[in-house]
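User: I'd like a close look at one part of this model. Here it is.
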Amino acid sequence: MALKTLDHVNLRTQNLDAMVAWYGRVLDMHPGERPPFPFPGAWLYANGAAMVHLVGVKDDPAPYRPDAQLEHFAISAEGLGTFLAHLREQKVAYRCGVLPEMGIQQVNIHDHDGNHIHIDFAPGEEADLIDYDGR
């Protein structure tokens with residue numbers, strides 16, 4: 001077996017509508033086709049792929065995953081300067097970094113529920129990598 005790519009990330013949330021709105025507004029991911037599961041949720045699509053699966057829960061999701069170790073998930077992208085301008089326009093705080101030796105430029109953000117996401121851009125994309133506090 002040879003692994004190829006990560007298919008999607010599944011997140012539990014008490015704030016389904018707010019999370020759908022955040023991913024649409026900030027990352028241009030929008031709800032699409034989803035099987036008729038017997039629980040609330042949304043599959044959020046970008047470029048024809050369901051990248052983030054949201055599951056609506058009534059209680060704080062933490063009790064369902066007390067040993068969860070996920071620190072972040074990452075998405076590769078193009079258009080670093082445009083993306084940073086969009087985040088500032090939407091007043092979304094971010095931290096920037098560059099991977100040593102690899103040169104991959106990372107923009108670290110947190111979604112409505114506080115999940116850490118970094119958006120990765122190829123070395124050499126031109127933009128001022130200055131952190132922004134969301135104000």
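Which residues does Leu27 touch, not counting residues up to four places away in sequence? And what sort of setting do those contacts belong to?

Analyst: Happy to. A caveat to start: this is a predicted model, where local features need pLDDT of at least 70 and side-chain atom pairs count only at pLDDT 80 or more, while totals for chains, interfaces and linings use all residues. Residues are numbered from 1 along each chain as its sequence is written, and side-chain values use heavy atoms, with hydrogens and water left out.

Now to your residue. Beyond the four places on either side in sequence, Leu27 touches Trp22, Phe83, Ile109, Ile117 and Ile119; touching, or contact, means heavy atoms within 4.5 Å.

The setting is the largest nonpolar core, which has 30 residues. Such a core is a set of buried Ala, Val, Leu, Ile, Met, Phe, Trp, Tyr and Cys residues joined through side-chain atoms within 4.5 Å; buried means under 20% relative accessible area, exposed over 50%, and partly exposed in between (1.4 Å probe, protein chains only). Leu27 is among the members that touch the most others, along with Tyr23, Val107, Ile109 and Ile117. Two or more residues each come from strand 1 (9-13), helix 1 (16-27), strand 3 (41-46), strand 4 (49-56), strand 5 (73-76), helix 2, strand 7 (105-110) and strand 8. Helix 1 gives the most, with 7 residues. Helices (H or I, at least four residues) and strands (E, at least two) are DSSP runs, numbered from the N terminus. In soluble globular proteins, nonpolar side chains tend to be buried together.

Strand 8 (residues 116-121) also holds His118, which is buried because its relative accessible area is 8%. Leaving out residues up to four places away in sequence, His118 touches His72, Phe73, Ala74, Ile75, Gln106, Val107 and Asn108. Its side chain makes a polar contact with that of Asp120 (2.6 Å). By polar contact I mean a pair of N or O atoms within 3.5 Å; within protein, one must be able to donate a hydrogen and the other to accept it, and residues adjacent in sequence count only if both atoms are side-chain atoms.

Zooming out, the protein has 2 helices and 8 strands, running β-α-β-β-β-β-α-β-β-β from the N terminus. Buried residues make up 36% of its 135 residues. Of the contacts with a separation of 6 or more, 56% are between residues 24 or more positions apart.
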